[in-house]
Amino acid sequence: AASAVNRRCLDAHNVTSEDVALAKERLRRDFAFVGLTHRWGEAILLFHDMYGGKPSLQEFSNVRPGGAGGATQGPAGHYDHALLGGLRDWADAEVWEEAQAVFEATRRDTRRIFAAPER
């Protein structure tokens, strides 16, 4: 994630702590919205709270569900981290944690009570 935020795709680069710091700074400063796909419904509501408009039921649909039992899926269709054999991408983990922190801070700063749209 750090190299994706700081460089073009497919550029060969060893990610440094400076890259990670820049990626985290850019998440906080340069992104108009940070949502989390595993908290899709909350992200949709937060987006509308920030930018207006009424959420529609279609926005809550999974339009790219993927196939059950895919190469990277474990039980219940969740990503299977065991496939990594214990490998942990420290840079990706730090940027991911920052994205979660940005999402939570934005969510705390809104006054909306999160609820599903009316049918």
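F33, F47 and Y51 form one aromatic cluster in this predicted model, where local features need pLDDT of at least 70, side-chain atom pairs count only at pLDDT 80 or more, and totals for chains, interfaces and linings use all residues. Residues are numbered from 1 along each chain as its sequence is written, and side-chain values use heavy atoms, with hydrogens and water left out.

Rings of Phe, Tyr and Trp (its six-membered ring) pair if their centres lie within 6.5 Å, with planes under 30 degrees apart counted as stacked, over 60 as edge-to-face and the rest as tilted; by this rule there are two aromatic pairs. The ring centres of F33 and F47 are 5.3 Å apart and their planes stand at 90°, so this pair is edge-to-face. Because F33 lies in the loop between α2 (17–29) and α3 while F47 lies in helix α3, the pair ties together parts that are 14 residues apart in sequence. Helices here are DSSP runs (H or I, at least four residues), numbered from the N terminus.

F47 and Y51 form a tilted pair, 5.1 Å centre to centre with 45° between the planes, and both lie in helix α3, four residues apart, about one turn of the helix. With buried meaning under 20% relative accessible area, exposed over 50% and partly exposed in between (1.4 Å probe, protein chains only), F33 counts as partly exposed at 24%, F47 as partly exposed at 36%, and Y51 as partly exposed at 44%.

Turning to helix α4, A91, A93, V95, E98, A99, V102, F103 and A105 are buried.

Terms used:
Helices (H or I, at least four residues) and strands (E, at least two) are DSSP runs, numbered from the N terminus.
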